[in-house]
Amino acid sequence: MIWIFVGICILLAVGLVVRQTKPSNVQPPTSPKSIVTTFKGDPQTTRAFTWYTESVEGHAMLQVTEGTKVDSWDRPDILTFTAKSTQINIGGGKRQYAHQAEAICLKPGTSYTYRVGSEQSGAWSDPAVIVTEPVSPETFTFVNVTDSQGESEADFKAWGHTLDQAFGKFPEASFIVHNGDLTEDPDQEKEWDSFFGQAAKWLVKIPLMPVTGNHDEIQGNAERFTSHFAVPANGAEGAIPGTNYSFNYGYAHIVVLDTESNLKAQTSWLRADLQSNRQPWTIVAMHRPAYGGNRYEKIEDWIKVFDEFGVDLVLQGHNHEYSRSYPLRDGKIVPGGEGTVYVIANTAGPKFNSLKKDKYYHAVHFQNNKQMFAAVTVSERALSLQAYDADGKLLDEFTQQRSRSGD
Ligand SMILES: [Fe+2]
């Protein structure tokens with residue numbers, strides 16, 4: 001069976017190379033920028049990459065090889081995957097190009113070196129190293145940030161610094177969940193340049209799983225945002241592809257919802273998604289809060305589904321202040337392990353809102369006027385969250401023991 005799998009993988013990789021054709025147009029080559037890695041398929045055996053170029057020459061490609069060093073990219077065992085390239089109109093009559101490629105048939109728990117670029121132009125990214133998910137991670141941590149929402153390069157320095165601190169504290173963290181409002185205006189490619197540029201050393205190797213915020217999707221259009229990320233294509237029919245999806249990692253099932261549009265379609269999708277979920281812990285990430293400094297009332301139906309399926313943690317954004325709810329069920333405070341905890345990890349960007357009034361559901365609620373991040377650690381028996389400011393000071397933490405009956 002394993003040989004059939006390996007054979008299919010080799011054929012697929014060779015097929016991808018054979019399909020290369022000569023370039024149809026020749027412009028001055030530009031180096032890949034805005035490089036980011038994400039999960040699109042199984043995190044144990046696949047890894048997706050997205051990057052931009054300002055011009056194109058030939059076919060954009062991803063090359064991958066096992067190990068943390070590569071002596072030559074001409075070796076016959078280098079895996080080569082052709083990217084899907086899309087022309088992006090960035091305004092003012094100018095165009096850029098978004099490229100997405102996915103490495104498949106990787107080994108679990110293994111380091112790979114990769115580069116993206118084009119054979120014809122000779123413009124390649126610096127090699128970077130990724131690690132696939134181990135077969136059964138006993139425990140893992142991911143970093144949660146939200147609302148980096150900058151405009152200038154200086155604004156995004158704070159975002160880069162927040163990630164530096166997060167990975168300084170949690171060097172083994174497996175991925176990032178960003179809770180939305182990545183930039184102030186998604187039509188300004190310069191803002192994306194700064195978003196990716198200031199965090200490049202992390203985003204080239206640590207998957208960033210994005211949530212769509214109201215600054216990412218404007219009046220039902222999220223194209224500029226979604227063009228930057230290759231995420232699972234398993235969302236609701238009717239939702240904007242790239243804004244609603246779910247994936248498993250370790251003992252967690254992680255669901256990303258889009259609070260900006262198609263709420264109804266996502267409600268029935270959410271019920272079906274959670275119905276088939278067998279993971280011990282369920283985490284939802286969405287931008288506008290069900291329970292934060294304020295409440296987004298249009299998502300009441302989602303809260304009923306969270307209650308029905310015992311969602312453990314809901315990561316939120318939008319309010320630009322820190323808030324953690326008591327465990328809630330049907331809007332009422334319940335003992336730990338019997339309800340859903342709702343968190344907003346302040347902001348990883350330049351804007352801090354003044355603190356809203358405390359509500360009955362707030363266990364912790366403050367404005368420290370400093371960028372923050374949260375680290376969520378999941379094992380079979382426990383889920384914990386620790387919230388830090390960007391100076392590395394621990395400001396809040398809680399742990400939930402596994403609560404499902406019969407487990
Ligand atoms: Fe927002």
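I count a charge as sitting over a ring if NZ of Lys or CZ of Arg is within 6 Å of the ring centre and within 35 degrees of the ring normal. The model I am working on is predicted.

**Charges over rings.** I looked up Arg-288 first. Its charged end sits over the ring of Tyr-296, 4.9 Å from the centre. I then checked Arg-115. Its charged end sits over the ring of Trp-124, 3.7 Å from the centre.

**Aromatic pairs.** I find 27 aromatic pairs in the structure. I opened the one between Tyr-291 and Tyr-361: edge-to-face, 5.0 Å centre to centre, with 75° between the planes. Tyr-291 is in the loop between strand S14 (281–285) and helix H7 (300–309), and Tyr-361 is in the loop between strands S19 (341–345) and S20 (362–366), so this pair ties together parts 70 residues apart in sequence. Are these two buried or exposed? Tyr-291 has 4% relative accessibility and counts as buried. Tyr-361 is buried too, at 1%.

Next I took Phe-306 and Tyr-342. Their pair is tilted, with 6.5 Å centre to centre and 45° between the planes. Phe-306 belongs to helix H7 and Tyr-342 to strand S19, so the pair links parts 36 residues apart in sequence. I note both residues as buried.

I also logged one aromatic cluster. It is formed by Phe-39, Phe-140, Phe-142, Phe-175, Tyr-245, Phe-247 and Tyr-249.

**Strands S7 and S8.** I traced S7 (residues 111–118) against S8 and found them antiparallel, joined by four bridges. Ser-111 stands opposite Val-131 in S8. Which face of S8 (residues 128–131) is covered? I have Ala-128 and Ile-130 on the covered face, and Val-129 and Val-131 on the uncovered one.

Terms used
Residues are numbered from 1 along each chain as its sequence is written. This is a predicted model: local features need pLDDT of at least 70, side-chain atom pairs count only at pLDDT 80 or more; totals for chains, interfaces and linings use all residues. Side-chain values use heavy atoms; hydrogens and water are left out. Buried means under 20% relative accessible area, exposed over 50%, partly exposed in between (1.4 Å probe, protein chains only). Helices (H or I, at least four residues) and strands (E, at least two) are DSSP runs, numbered from the N terminus. Two strands pair if DSSP finds at least two bridges between them. Rings of Phe, Tyr and Trp (its six-membered ring) pair if their centres lie within 6.5 Å; planes under 30 degrees apart count as stacked, over 60 as edge-to-face and the rest as tilted.
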